[in-house]
Amino acid sequence: MTAKALPAKAPRWAWALTGSGHYFTESIEIIRELQDVDLFISDAADEVLRMYKQDKEPLPAQTQVFRDNSASSASIGRFYHGEYHTLVVSPASSNTVAKAVAGISDTLVTNCFAQAGKCRVPAIVFACDSMPEMVTMAPEGPVPVYPRRIDLENTARLKAFEATVVAETLGELRAAIARRRAELAALVPVPAL
């Protein structure tokens with residue numbers, strides 16, 4: 001990701017949640033570790049928040065939450081005003097990845113991804129369907145998952161998008177966020193002594 005100078009008022013993290021349960025609770029844990037983060041929650045993610053009982057735990061105090069409740073996704077206009085330095089889509093369902101690859105932006109999350117790209121806001125996408133065989137955590141416990149060839153192909157295609165880092169594991173997601181934090185820290189001017 002290419003870093004650009006930050007305006008006087010530092011922009012925030014934009015984090016978009018989809019309806020995938022794959023590492024959903026771990027994504028919420030990372031959100032709770034970040035400062036200055038806004039959440040964009042799809043209708044499906046809203047359901048998953050309740051299924052995984054993640055809707056009761058507090059988020060960082062200044063977190064704004066935007067839900068998929070308007071056809072025009074008016075809240076994504078914040079990308080045009082420089083309010084975000086990075087978009088994280090985690091977890092990203094195969095549906096979201098397929099739409100992003102095809103350029104479809106008909107949900108709050110896919111609209112966030114499209115507008116981030118148009119505004120040159122770097123994106124980190126944790127694509128859930130990235131390996132031929134996986135074990136994922138459902139509300140009732142671990143279950144095996146076998147992503148389809150098209151899901152794996154779409155994840156590979158997304159890697160070619162400009163200013164987009166695709167993480168395939170939780171470790172890669174954490175590493176991508178750490179790299180972005182380091183890039184952002186390098187942009188903060190050091191006060192004169």
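Visitor: Before we start, what counts as buried here?

Guide: Buried means under 20% relative accessible area. The structure is a predicted model, and in helix H4 the residues Leu108, Val109, Thr110, Asn111, Cys112, Phe113, Gln115 and Ala116 are buried.

Visitor: Is H4 largely enclosed or open, and why?

Guide: H4 is largely enclosed by the rest of the structure, because eight of its 11 residues are buried.

Visitor: Stepping back, how many helices and strands does the chain have?

Guide: There are six helices and eight strands in the chain. Along the sequence they follow the pattern β-α-β-α-β-β-α-α-β-β-β-α-β-α. Of the chain's 193 residues, 47% count as buried.

Visitor: And which share of the contacts joins residues at least 24 apart?

Guide: Taking contacts in the chain between residues at least 6 apart in sequence, 76% join residues at least 24 apart.

Visitor: What about the largest nonpolar core?

Guide: That core has 24 residues, and Phe40, Phe79, Leu87, Val89, Phe113 and Leu158 are those with the most contacts inside it. At least two of its residues come from each of strand E1 (12-17), strand E4 (84-92), helix H3 (94-102), helix H4 (108-118) and strand E5 (123-127).

Visitor: Which element gives the most to this core?

Guide: H4 does, with five residues. A second, separate core has 21 residues, including Leu17, Ile31, Ile177 and Leu184.

Visitor: Back to phenylalanine 113. Buried or exposed?

Guide: Phenylalanine 113, which lies in helix H4, has a relative accessible area of 11%, so it falls under the 20% limit and is buried.

Visitor: Which residues is phenylalanine 113 in contact with?

Guide: Leaving aside neighbours within four places in sequence, phenylalanine 113 is in contact with Leu87, Ala100, Ala123, Val125, Leu158, Phe161 and Thr164. Valine 89 is 24 residues away from phenylalanine 113 in sequence, and their C-alpha atoms are 8.0 Å apart.

Visitor: Leucine 158 is on that list. What does leucine 158 itself touch?

Guide: Not counting residues up to four places away in sequence, leucine 158 touches Val97, Ala100, Val101, Phe113, Val125, Thr164 and Val166.

Visitor: New topic: how do H3 and H5 cross?

Guide: The axes of H3 and helix H5 (residues 149-158) come within 9 Å and cross at roughly 50 degrees. That angle makes H3 oblique to H5, and the crossing is left-handed.

Visitor: Which residues of H3 and H5 meet?

Guide: From H3, Ser94, Val97, Ala98, Ala100 and Val101 meet Asp151, Asn154, Thr155, Arg157 and Leu158 from H5. By class, this contact of H3 with H5 has five nonpolar, three polar and two charged residues.

Visitor: Now H1 and H6. At what angle do they pack?

Guide: Helix H1 (residues 24-33) and helix H6 (residues 170-187) pack at an angle of about 20 degrees, with axes 11 Å apart. Because angles under 35 degrees count as roughly parallel, H1 and H6 are roughly parallel to each other. Their crossing is right-handed.

Visitor: Which residues meet there, and how do they divide by class?

Guide: Glu26, Ile30 and Glu33 in H1 meet Leu170, Leu173, Arg174, Ile177 and Arg181 in H6. The residues of this contact divide into four nonpolar, no polar and four charged.

Methods: Residues numbered from 1 in each chain as written. Predicted model: local features only at pLDDT ≥ 70, side-chain atom pairs only at ≥ 80, totals over all residues. Heavy atoms only, no water. Core = buried A, V, L, I, M, F, W, Y, C linked by side-chain atoms within 4.5 Å. Buried < 20%, exposed > 50% of the residue type's maximum accessible area, 1.4 Å probe, protein only. Helix = DSSP H or I, 4+ residues; strand = E, 2+ residues; numbered from the N terminus. Contact = heavy atoms within 4.5 Å. Axes fitted to C-alpha atoms, helices over the stretch in contact; angles between N-to-C directions. Parallel < 35°, antiparallel > 145°, perpendicular 65-115°, else oblique. Left-handed = near helix turned anticlockwise from the far one by under 90°. Nonpolar A, V, L, I, M, F, W, Y, C, P; charged D, E, K, R; others polar.
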